[in-house]
Amino acid sequence: MPTIPMNDLRRQYLAEREAIDEAIADVLQSGWFVHGPQHAAFEAEFRQYLGVEHCIAVANGTDALQLAMQAVAADRPGLVVTTANAGGYTAIAARAANRRVCFVDVEADTLCMSASDLESVLSTHETAAVVVTHLYGRLADMENLMPVCEKYGVPVIEDCAQSHGAGRDQRAGSYGAAGTFSFYPTKNLGALGDGGAVVTNDRETADRVAGLRQYGWSGKYQVAMSGGRNSRFDELQAAVLRTRLPLLDTRNQRRREIVARYVAAARGSRVRVLAAEGPGHVAHLAVALTDRREDVREQLAVSGIATDIHYPVPDHEQNFDFVASIRPLPVTEAVSRQIFSLPCFPELTDSEVLHVCAALTDLGSERT
Ligand SMILES: *Cc1c(COP(=O)(O)O)cnc(C)c1O
(Lines give C-alpha, C1' and ligand atoms only; values in the text may rest on other atoms or scores of the structure.)
Protein backbone atom coordinates (compact mmCIF):
# COMPACT_ATOMS: atom_id res chain seq x y z
CA MET A 1 0.00 0.00 0.00
CA PRO A 2 1.38 3.46 -0.85
CA THR A 3 1.98 5.95 1.91
CA ILE A 4 -1.14 7.47 3.43
CA PRO A 5 -0.39 11.20 3.39
CA MET A 6 -1.24 13.81 6.04
CA ASN A 7 -3.22 15.58 3.33
CA ASP A 8 -3.91 15.35 -0.40
CA LEU A 9 -5.43 18.57 -1.73
CA ARG A 10 -5.67 17.22 -5.25
CA ARG A 11 -8.41 14.79 -4.22
CA GLN A 12 -10.66 17.59 -3.05
CA TYR A 13 -10.17 19.54 -6.27
CA LEU A 14 -10.89 16.49 -8.43
CA ALA A 15 -14.09 15.76 -6.50
CA GLU A 16 -15.32 19.33 -7.05
CA ARG A 17 -13.67 19.91 -10.40
CA GLU A 18 -16.67 21.06 -12.42
CA ALA A 19 -17.88 23.60 -9.87
CA ILE A 20 -14.39 25.00 -9.25
CA ASP A 21 -13.46 25.24 -12.93
CA GLU A 22 -16.73 27.00 -13.64
CA ALA A 23 -16.31 29.45 -10.75
CA ILE A 24 -12.79 30.29 -11.89
CA ALA A 25 -13.81 30.73 -15.54
CA ASP A 26 -16.61 33.09 -14.47
CA VAL A 27 -14.15 35.29 -12.58
CA LEU A 28 -11.68 35.31 -15.47
CA GLN A 29 -14.40 36.37 -17.86
CA SER A 30 -15.72 39.06 -15.52
CA GLY A 31 -12.44 40.95 -15.70
CA TRP A 32 -12.78 41.87 -12.01
CA PHE A 33 -10.01 40.38 -9.87
CA VAL A 34 -9.88 42.17 -6.50
CA HIS A 35 -12.70 43.33 -4.17
CA GLY A 36 -15.49 42.67 -6.64
CA PRO A 37 -18.82 40.83 -6.52
CA GLN A 38 -17.38 37.40 -5.51
CA HIS A 39 -15.59 38.93 -2.55
CA ALA A 40 -18.72 40.78 -1.40
CA ALA A 41 -20.90 37.69 -1.83
CA PHE A 42 -18.47 35.48 0.08
CA GLU A 43 -18.34 37.94 2.98
CA ALA A 44 -22.15 37.94 3.13
CA GLU A 45 -22.46 34.14 2.91
CA PHE A 46 -19.77 33.46 5.50
CA ARG A 47 -21.22 35.98 7.94
CA GLN A 48 -24.66 34.37 7.57
CA TYR A 49 -23.21 30.90 8.02
CA LEU A 50 -21.51 31.97 11.27
CA GLY A 51 -24.40 34.06 12.54
CA VAL A 52 -22.38 37.28 12.90
CA GLU A 53 -23.04 40.79 11.65
CA HIS A 54 -19.83 41.59 9.79
CA CYS A 55 -17.18 39.69 7.84
CA ILE A 56 -14.10 41.38 6.40
CA ALA A 57 -12.05 39.13 4.12
CA VAL A 58 -8.27 39.67 4.20
CA ALA A 59 -5.15 38.13 2.68
CA ASN A 60 -4.43 35.38 5.26
CA GLY A 61 -5.08 34.24 8.82
CA THR A 62 -2.03 35.91 10.34
CA ASP A 63 -3.08 39.28 8.89
CA ALA A 64 -6.57 38.65 10.25
CA LEU A 65 -5.11 38.25 13.75
CA GLN A 66 -2.96 41.36 13.41
CA LEU A 67 -5.75 43.56 12.05
CA ALA A 68 -8.17 42.26 14.69
CA MET A 69 -5.66 43.16 17.43
CA GLN A 70 -5.19 46.64 15.94
CA ALA A 71 -8.96 47.12 15.74
CA VAL A 72 -10.21 45.77 19.08
CA ALA A 73 -7.30 47.02 21.19
CA ALA A 74 -6.72 50.33 19.39
CA ASP A 75 -7.04 52.42 22.56
CA ARG A 76 -5.83 49.83 25.05
CA PRO A 77 -2.26 49.61 26.33
CA GLY A 78 -0.84 46.27 27.43
CA LEU A 79 -0.06 42.75 26.35
CA VAL A 80 -1.60 40.20 24.05
CA VAL A 81 -2.28 37.11 26.16
CA THR A 82 -2.57 33.70 24.47
CA THR A 83 -1.55 30.03 24.64
CA ALA A 84 1.89 28.77 23.56
CA ASN A 85 0.84 25.53 21.83
CA ALA A 86 -0.87 26.86 18.69
CA GLY A 87 1.93 27.28 16.19
CA GLY A 88 3.11 30.80 17.01
CA TYR A 89 0.78 32.67 14.62
CA THR A 90 -0.71 34.86 17.34
CA ALA A 91 2.73 35.80 18.63
CA ILE A 92 3.86 36.71 15.10
CA ALA A 93 0.73 38.80 14.55
CA ALA A 94 1.23 40.50 17.93
CA ARG A 95 4.75 41.50 16.95
CA ALA A 96 3.41 42.99 13.70
CA ALA A 97 0.78 44.86 15.74
CA ASN A 98 3.52 46.16 18.08
CA ARG A 99 2.45 44.15 21.10
CA ARG A 100 4.37 42.06 23.54
CA VAL A 101 2.89 38.68 24.40
CA CYS A 102 2.40 36.66 27.55
CA PHE A 103 1.48 32.97 27.54
CA VAL A 104 -1.15 31.08 29.52
CA ASP A 105 -1.17 27.32 30.07
CA VAL A 106 -3.72 24.91 28.57
CA GLU A 107 -6.08 22.31 30.09
CA ALA A 108 -4.68 18.78 29.94
CA ASP A 109 -7.89 17.27 28.57
CA THR A 110 -8.68 19.83 25.84
CA LEU A 111 -5.27 21.43 25.09
CA CYS A 112 -7.14 24.75 24.89
CA MET A 113 -6.68 27.77 27.18
CA SER A 114 -7.08 27.24 30.92
CA ALA A 115 -9.56 29.71 32.45
CA SER A 116 -7.88 29.55 35.87
CA ASP A 117 -4.39 30.22 34.49
CA LEU A 118 -5.85 33.03 32.37
CA GLU A 119 -7.26 34.61 35.51
CA SER A 120 -3.85 34.59 37.18
CA VAL A 121 -2.39 36.50 34.20
CA LEU A 122 -5.24 39.00 33.83
CA SER A 123 -5.13 39.79 37.56
CA THR A 124 -1.40 40.62 37.40
CA HIS A 125 -0.63 41.92 33.85
CA GLU A 126 -2.06 44.89 31.97
CA THR A 127 -3.72 43.19 29.00
CA ALA A 128 -4.85 44.72 25.70
CA ALA A 129 -6.49 41.58 24.31
CA VAL A 130 -6.78 37.83 24.89
CA VAL A 131 -6.48 35.54 21.85
CA VAL A 132 -8.26 32.22 22.38
CA THR A 133 -7.35 29.53 19.81
CA HIS A 134 -9.95 26.85 19.09
CA LEU A 135 -7.15 24.34 18.67
CA TYR A 136 -7.34 21.28 16.40
CA GLY A 137 -11.00 22.13 15.66
CA ARG A 138 -12.26 22.16 19.25
CA LEU A 139 -14.35 25.05 20.50
CA ALA A 140 -12.40 26.27 23.55
CA ASP A 141 -14.06 26.53 26.97
CA MET A 142 -15.85 29.81 26.16
CA GLU A 143 -18.37 29.32 28.99
CA ASN A 144 -15.53 29.78 31.50
CA LEU A 145 -13.10 31.93 29.50
CA MET A 146 -15.54 34.71 28.55
CA PRO A 147 -16.57 35.55 32.16
CA VAL A 148 -12.90 35.86 33.20
CA CYS A 149 -12.23 38.31 30.35
CA GLU A 150 -15.43 40.22 31.11
CA LYS A 151 -14.45 40.48 34.79
CA TYR A 152 -11.21 42.26 33.80
CA GLY A 153 -12.79 44.15 30.88
CA VAL A 154 -10.41 42.63 28.32
CA PRO A 155 -11.61 42.04 24.70
CA VAL A 156 -11.36 38.50 23.30
CA ILE A 157 -10.20 37.59 19.80
CA GLU A 158 -11.01 34.02 18.78
CA ASP A 159 -8.50 32.38 16.45
CA CYS A 160 -10.77 30.13 14.36
CA ALA A 161 -8.17 29.13 11.75
CA GLN A 162 -8.72 25.47 12.70
CA SER A 163 -12.39 25.60 13.66
CA HIS A 164 -14.57 26.72 10.73
CA GLY A 165 -18.12 25.77 11.68
CA ALA A 166 -17.43 24.46 15.21
CA GLY A 167 -20.13 25.38 17.68
CA ARG A 168 -23.14 24.22 19.63
CA ASP A 169 -25.55 27.08 20.42
CA GLN A 170 -23.34 29.54 18.58
CA ARG A 171 -20.35 29.17 16.30
CA ALA A 172 -16.65 29.78 16.90
CA GLY A 173 -15.94 33.39 16.02
CA SER A 174 -19.21 34.77 17.41
CA TYR A 175 -18.30 34.85 21.13
CA GLY A 176 -15.54 37.45 21.30
CA ALA A 177 -15.02 41.04 20.17
CA ALA A 178 -13.73 39.53 16.92
CA GLY A 179 -13.03 36.13 15.35
CA THR A 180 -10.28 35.43 12.83
CA PHE A 181 -10.10 32.79 10.11
CA SER A 182 -7.50 31.42 7.71
CA PHE A 183 -8.45 29.85 4.38
CA TYR A 184 -5.02 28.34 3.77
CA PRO A 185 -5.56 25.27 1.54
CA THR A 186 -5.30 22.65 4.32
CA LYS A 187 -7.82 24.34 6.66
CA ASN A 188 -11.34 22.93 7.03
CA LEU A 189 -12.51 25.66 4.62
CA GLY A 190 -9.55 26.11 2.31
CA ALA A 191 -8.90 28.19 -0.81
CA LEU A 192 -6.51 27.43 -3.68
CA GLY A 193 -4.00 29.79 -2.12
CA ASP A 194 -4.00 32.17 0.84
CA GLY A 195 -6.97 33.89 2.42
CA GLY A 196 -8.38 35.00 5.75
CA ALA A 197 -11.19 36.89 7.42
CA VAL A 198 -12.10 38.87 10.51
CA VAL A 199 -15.67 38.57 11.80
CA THR A 200 -17.38 40.69 14.45
CA ASN A 201 -20.73 41.92 15.69
CA ASP A 202 -19.35 45.41 16.33
CA ARG A 203 -19.69 47.96 13.54
CA GLU A 204 -16.78 50.10 14.69
CA THR A 205 -14.41 47.10 14.77
CA ALA A 206 -15.60 46.07 11.31
CA ASP A 207 -15.03 49.57 9.93
CA ARG A 208 -11.54 49.69 11.41
CA VAL A 209 -10.53 46.33 9.94
CA ALA A 210 -12.02 47.28 6.57
CA GLY A 211 -9.95 50.47 6.59
CA LEU A 212 -6.74 48.83 7.84
CA ARG A 213 -6.83 46.06 5.21
CA GLN A 214 -6.58 48.69 2.47
CA TYR A 215 -3.86 51.20 3.42
CA GLY A 216 -5.99 52.79 6.15
CA TRP A 217 -8.14 54.45 3.51
CA SER A 218 -11.55 55.87 4.30
CA GLY A 219 -12.07 56.24 0.54
CA LYS A 220 -9.89 56.14 -2.51
CA TYR A 221 -6.45 57.65 -1.82
CA GLN A 222 -7.63 59.15 1.50
CA VAL A 223 -5.65 57.79 4.45
CA ALA A 224 -7.86 58.16 7.52
CA MET A 225 -6.15 55.65 9.82
CA SER A 226 -2.47 55.01 10.39
CA GLY A 227 -1.23 51.42 10.70
CA GLY A 228 -3.00 50.28 7.55
CA ARG A 229 -1.57 48.00 4.90
CA ASN A 230 -2.55 45.97 1.87
CA SER A 231 -4.27 42.79 2.97
CA ARG A 232 -6.87 42.25 0.26
CA PHE A 233 -8.53 38.97 -0.66
CA ASP A 234 -8.97 38.25 -4.35
CA GLU A 235 -11.97 37.32 -6.47
CA LEU A 236 -10.70 33.91 -7.61
CA GLN A 237 -10.26 32.69 -4.03
CA ALA A 238 -13.61 34.16 -2.99
CA ALA A 239 -15.33 32.33 -5.86
CA VAL A 240 -13.65 29.04 -4.85
CA LEU A 241 -14.69 29.44 -1.20
CA ARG A 242 -18.28 30.12 -2.28
CA THR A 243 -18.38 26.71 -3.99
CA ARG A 244 -16.89 25.06 -0.89
CA LEU A 245 -18.82 26.71 1.96
CA PRO A 246 -22.02 24.68 1.33
CA LEU A 247 -19.96 21.46 1.68
CA LEU A 248 -18.25 22.46 4.94
CA ASP A 249 -20.62 20.81 7.45
CA THR A 250 -20.63 17.49 5.58
CA ARG A 251 -16.85 17.50 5.30
CA ASN A 252 -16.50 18.36 9.01
CA GLN A 253 -18.75 15.41 9.83
CA ARG A 254 -16.49 13.09 7.78
CA ARG A 255 -13.46 14.38 9.72
CA ARG A 256 -15.18 13.60 13.04
CA GLU A 257 -16.00 10.08 11.84
CA ILE A 258 -12.36 9.45 10.94
CA VAL A 259 -11.18 10.61 14.36
CA ALA A 260 -13.86 8.50 16.11
CA ARG A 261 -12.53 5.40 14.34
CA TYR A 262 -8.96 6.19 15.34
CA VAL A 263 -10.04 6.73 18.97
CA ALA A 264 -11.73 3.30 19.04
CA ALA A 265 -8.86 1.52 17.28
CA ALA A 266 -6.23 2.96 19.63
CA ARG A 267 -8.14 2.17 22.82
CA GLY A 268 -5.90 0.08 25.09
CA SER A 269 -2.81 0.74 22.97
CA ARG A 270 0.16 2.89 23.90
CA VAL A 271 -1.34 5.91 22.17
CA ARG A 272 -4.42 7.90 23.12
CA VAL A 273 -6.19 9.68 20.27
CA LEU A 274 -7.99 12.83 21.42
CA ALA A 275 -11.73 12.58 20.81
CA ALA A 276 -13.47 15.00 18.42
CA GLU A 277 -17.16 14.51 19.16
CA GLY A 278 -20.22 16.57 18.38
CA PRO A 279 -20.72 19.92 16.65
CA GLY A 280 -18.36 21.68 19.09
CA HIS A 281 -15.41 19.95 17.39
CA VAL A 282 -14.63 19.99 13.66
CA ALA A 283 -11.63 17.64 13.79
CA HIS A 284 -9.17 19.82 11.92
CA LEU A 285 -6.42 17.46 13.07
CA ALA A 286 -6.39 13.95 14.53
CA VAL A 287 -4.01 14.37 17.45
CA ALA A 288 -2.70 11.54 19.62
CA LEU A 289 -0.59 11.44 22.78
CA THR A 290 2.07 8.90 23.66
CA ASP A 291 5.12 8.61 25.89
CA ARG A 292 6.99 6.77 23.13
CA ARG A 293 6.55 9.21 20.28
CA GLU A 294 9.66 8.40 18.26
CA ASP A 295 9.03 4.63 18.36
CA VAL A 296 5.37 5.03 17.53
CA ARG A 297 5.94 7.38 14.59
CA GLU A 298 8.64 5.05 13.29
CA GLN A 299 6.32 2.04 13.52
CA LEU A 300 3.53 3.93 11.72
CA ALA A 301 5.96 5.06 9.02
CA VAL A 302 6.91 1.42 8.43
CA SER A 303 3.19 0.75 7.87
CA GLY A 304 3.12 3.54 5.28
CA ILE A 305 1.37 6.11 7.45
CA ALA A 306 2.57 9.71 7.44
CA THR A 307 2.51 11.59 10.77
CA ASP A 308 3.45 15.09 11.85
CA ILE A 309 3.67 17.16 15.06
CA HIS A 310 1.42 20.16 15.70
CA TYR A 311 3.46 21.77 17.12
CA PRO A 312 6.94 20.57 18.07
CA VAL A 313 8.23 23.78 19.72
CA PRO A 314 6.02 25.76 22.12
CA ASP A 315 5.99 29.50 21.40
CA HIS A 316 7.84 30.43 24.58
CA GLU A 317 10.78 28.27 23.43
CA GLN A 318 10.88 29.81 19.94
CA ASN A 319 13.25 32.58 18.96
CA PHE A 320 10.74 35.35 19.72
CA ASP A 321 12.14 38.60 21.11
CA PHE A 322 8.84 40.09 22.18
CA VAL A 323 7.71 37.81 24.99
CA ALA A 324 6.89 39.85 28.08
CA SER A 325 7.45 37.27 30.80
CA ILE A 326 8.02 33.55 30.83
CA ARG A 327 5.64 31.90 33.23
CA PRO A 328 5.64 28.19 34.03
CA LEU A 329 3.59 26.30 31.44
CA PRO A 330 3.79 22.72 32.72
CA VAL A 331 0.94 21.24 30.70
CA THR A 332 2.03 22.93 27.45
CA GLU A 333 5.57 21.66 27.91
CA ALA A 334 4.67 18.09 28.87
CA VAL A 335 2.17 17.73 26.05
CA SER A 336 4.53 19.15 23.42
CA ARG A 337 6.74 16.09 23.94
CA GLN A 338 3.83 13.62 23.59
CA ILE A 339 1.65 14.87 20.75
CA PHE A 340 1.64 13.80 17.13
CA SER A 341 -0.93 14.00 14.34
CA LEU A 342 -2.39 11.25 12.15
CA PRO A 343 -3.75 11.67 8.61
CA CYS A 344 -7.19 13.33 8.79
CA PHE A 345 -8.89 14.87 5.77
CA PRO A 346 -12.35 14.19 4.34
CA GLU A 347 -11.13 12.51 1.14
CA LEU A 348 -9.30 9.70 2.97
CA THR A 349 -10.87 6.48 1.69
CA ASP A 350 -12.49 3.98 4.06
CA SER A 351 -9.76 1.49 3.29
CA GLU A 352 -7.08 4.04 4.19
CA VAL A 353 -8.86 4.79 7.46
CA LEU A 354 -9.07 1.06 8.21
CA HIS A 355 -5.37 0.68 7.46
CA VAL A 356 -4.51 3.45 9.96
CA CYS A 357 -6.86 1.85 12.52
CA ALA A 358 -5.20 -1.56 12.11
CA ALA A 359 -1.78 0.01 12.56
CA LEU A 360 -2.93 1.81 15.73
CA THR A 361 -4.34 -1.42 17.19
CA ASP A 362 -1.08 -3.20 16.30
CA LEU A 363 0.95 -0.73 18.35
CA GLY A 364 0.26 -2.94 21.35
CA SER A 365 -0.53 -1.98 24.91
CA GLU A 366 1.48 0.22 27.25
CA ARG A 367 2.70 -2.77 29.23
CA THR A 368 4.17 -4.74 26.33
C1 LIG B 1 -3.09 28.39 9.95
C2 LIG B 1 -3.23 29.10 11.23
C3 LIG B 1 -3.05 30.50 11.34
C4 LIG B 1 -2.45 31.33 10.25
O5 LIG B 1 -3.13 31.39 9.07
P6 LIG B 1 -2.34 31.78 7.73
O7 LIG B 1 -3.44 31.94 6.74
O8 LIG B 1 -1.40 30.67 7.40
O9 LIG B 1 -1.63 33.07 7.99
C10 LIG B 1 -3.32 31.11 12.55
N11 LIG B 1 -3.72 30.39 13.61
C12 LIG B 1 -3.87 29.06 13.57
C13 LIG B 1 -4.30 28.33 14.81
C14 LIG B 1 -3.62 28.36 12.39
O15 LIG B 1 -3.78 27.03 12.36
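I take buried to mean under 20% relative accessible area, exposed over 50%, and partly exposed in between (1.4 Å probe, protein chains only). Helices (H or I, at least four residues) and strands (E, at least two) are DSSP runs, numbered from the N terminus.

The model is predicted: local features need pLDDT of at least 70, side-chain atom pairs count only at pLDDT 80 or more, and totals for chains, interfaces and linings use all residues. Residues are numbered from 1 along each chain as its sequence is written, and side-chain values use heavy atoms, with hydrogens and water left out.

**Entry: strand S6**

I looked up strand S6, residues 178-182, and found it mostly covered, with five of its five residues buried.

Next came its partners; two strands pair if DSSP finds at least two bridges between them. Strand S5 (residues 156-159) runs parallel to S6, with three bridges. In that pairing I find Ile157 opposite Ala178. Strand S7 (residues 196-200) pairs with S6 in the antiparallel sense, over four bridges. There Gly179 stands opposite Val199.

**Entry: nonpolar cores**

I count as a nonpolar core a set of buried Ala, Val, Leu, Ile, Met, Phe, Trp, Tyr and Cys residues joined through side-chain atoms within 4.5 Å. The largest one has 82 residues. Phe46, Leu118, Tyr262, Val273 and Leu360 have the most contacts inside it. Helix H10 (residues 248-266) gives the most to this core, with seven residues.

Another core, of 31 residues, lies apart from it; Ile157 is among its members, as are Ile56, Leu65 and Ala94. In soluble globular proteins, nonpolar side chains tend to be buried together.

I followed up Tyr262, taking contact as heavy atoms within 4.5 Å. Neighbours within four places in sequence aside, Tyr262 touches Val273, Ala286, Leu342, Pro343, Leu348, Val353, Val356, Cys357 and Leu360.

Which residues does a cis peptide bond join? They are His310 and Tyr311, with omega about 10 degrees. Tyr311 sits in the loop between helix H11 (293-302) and strand S12 (323-325).

His35 has a phi of about 50 degrees. His35 is in the loop between helix H2 (17-30) and helix H3 (37-50). Its relative accessible area is 22%, so His35 is partly exposed. Ala283 has a positive phi too, near 45 degrees. Ala283 belongs to the loop between strand S10 (272-273) and strand S11 (286-289). Ala283 counts as buried because its relative accessibility is 0%.
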